[in-house]
Amino acid sequence: MGKGNGDKNKIAIIILSVLCCLSVAVLVVAAAITLNNKNRFVPPAFDESVIKGTPEVPEGLGYSPIEVEQGYKVYVCGNLIVNGNDADVYFTSPETNTVWVLLRMVDEYGTVLGETGIVQPGEYIKSLRLNTVPEQETNVKLKIIAYQPETYISMGSVGLKTKLKLINRSDTK
């Protein structure tokens with residue numbers, strides 16, 4: 001009598017152990033798939049507001065070239081004034097570039113205030129739409145990121161520190 005119950009208990013323990021191991025294996029595989037998807041690079045979209053050509057930039061915005069060691073150049077304004085939710089940046093990729101570029105504006109805490117899409121050689125973006133407009137004048141960093149066309153392999157990045165000045169604060173509400 002006792003022997004029959006002992007065999008049933010051993011079988012139950014073996015079955016439960018196998019089920020437990022299978023459950024752990026499923027959890028490990030699910031976690032690996034989730035982590036892999038989170039780290040997957042999603043290429044940025046092309047910016048829909050690009051303008052072909054070279055901009056005519058008003059005086060006083062500090063529009064100047066930034067030459068990057070990796071062999072490309074961009075133009076951008078260093079004096080940034082926010083009107084409503086837009087900052088005029090005149091972010092320009094000259095026709096001589098062989099890379100695609102984008103511009104990201106971050107505050108001093110690393111919060112992304114706004115970002116363009118991809119700008120190709122011979123194009124520019126007049127204004128950057130801000131996701132978040134600071135309450136007051138604030139220090140920001142313009143980060144220019146370059147990609148090799150078609151492959152999106154990084155061609156380096158460069159940053160420019162400046163201030164974001166506000167006008168027409170009532171327009172941002």
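## Thr 138 and Thr 162

Leaving aside its neighbours within four places in sequence, Thr 138 is in contact with Glu 108, Thr 162, Lys 163 and Leu 164, where contact means heavy atoms within 4.5 Å. This is a predicted model, in which local features need pLDDT of at least 70 and side-chain atom pairs count only at pLDDT 80 or more, while totals for chains, interfaces and linings use all residues. Residues are numbered from 1 along each chain as its sequence is written, and side-chain values use heavy atoms, with hydrogens and water left out.

Thr 138 has its place in strand β9, and Thr 162 is found in strand β10, residues 154-167; helices (H or I, at least four residues) and strands (E, at least two) are DSSP runs, numbered from the N terminus. Thr 138 counts as buried at 13% relative accessibility, and Thr 162 counts as buried at 16%, given that buried means under 20% relative accessible area, exposed over 50%, and partly exposed in between (1.4 Å probe, protein chains only). With neighbours within four places in sequence again left aside, the contacts of Thr 162 are Gly 78, Leu 80, Thr 138, Asn 139, Val 140 and Leu 142. As for Gly 78, its backbone oxygen lies 2.4 Å from a polar atom of the side chain of Thr 162.

## The aromatic cluster

The structure holds four aromatic pairs; rings of Phe, Tyr and Trp (its six-membered ring) pair if their centres lie within 6.5 Å, and planes under 30 degrees apart count as stacked, over 60 as edge-to-face and the rest as tilted. In one of these pairs, the ring centres of Phe 46 and Trp 100 are 4.9 Å apart and the planes stand at 75°, so the pair is edge-to-face. Because Phe 46 lies in the loop between α1 (2-38) and β1 (51-52) and Trp 100 in strand β6 (residues 100-107), the pair ties together parts that are 54 residues apart in sequence. Phe 46 is partly exposed, with a relative accessible area of 38%, whereas Trp 100 is buried, with 7%.

Trp 100 also pairs with Tyr 152, the centres of their rings being 5.4 Å apart and the planes at 65°, so this pair is edge-to-face. Tyr 152 lies in the loop between β9 (138-147) and β10 and Trp 100 in strand β6, so parts that are 52 residues apart in sequence are tied together. One aromatic cluster is formed by Phe 46, Trp 100, Tyr 147 and Tyr 152.

## Salt bridges

Side chains of opposite charge can pair when their charged atoms come close. A salt bridge is a side-chain nitrogen of Lys or Arg within 4 Å of a carboxyl oxygen of Asp or Glu, and by this rule the count comes to five. One of them joins the side chains of Glu 123 and Lys 52 (3.0 Å, N to O), linking distant parts of the chain, with Glu 123 in strand β8 (residues 123-129) and Lys 52 in strand β1, 71 residues apart. Glu 123 counts as buried at 5% relative accessibility, whereas Lys 52 is exposed, with a relative accessible area of 66%.

Another salt bridge is formed by Arg 129 and Asp 86, whose closest N and O atoms are 2.6 Å apart. Arg 129 is in strand β8 and Asp 86 in strand β5 (residues 86-93), 43 residues apart. Arg 129 counts as exposed at 52% relative accessibility, and Asp 86 as partly exposed at 23%.

Note on methods:
Polar contact = N/O pair within 3.5 Å; in protein donor to acceptor, adjacent residues only side chain to side chain.
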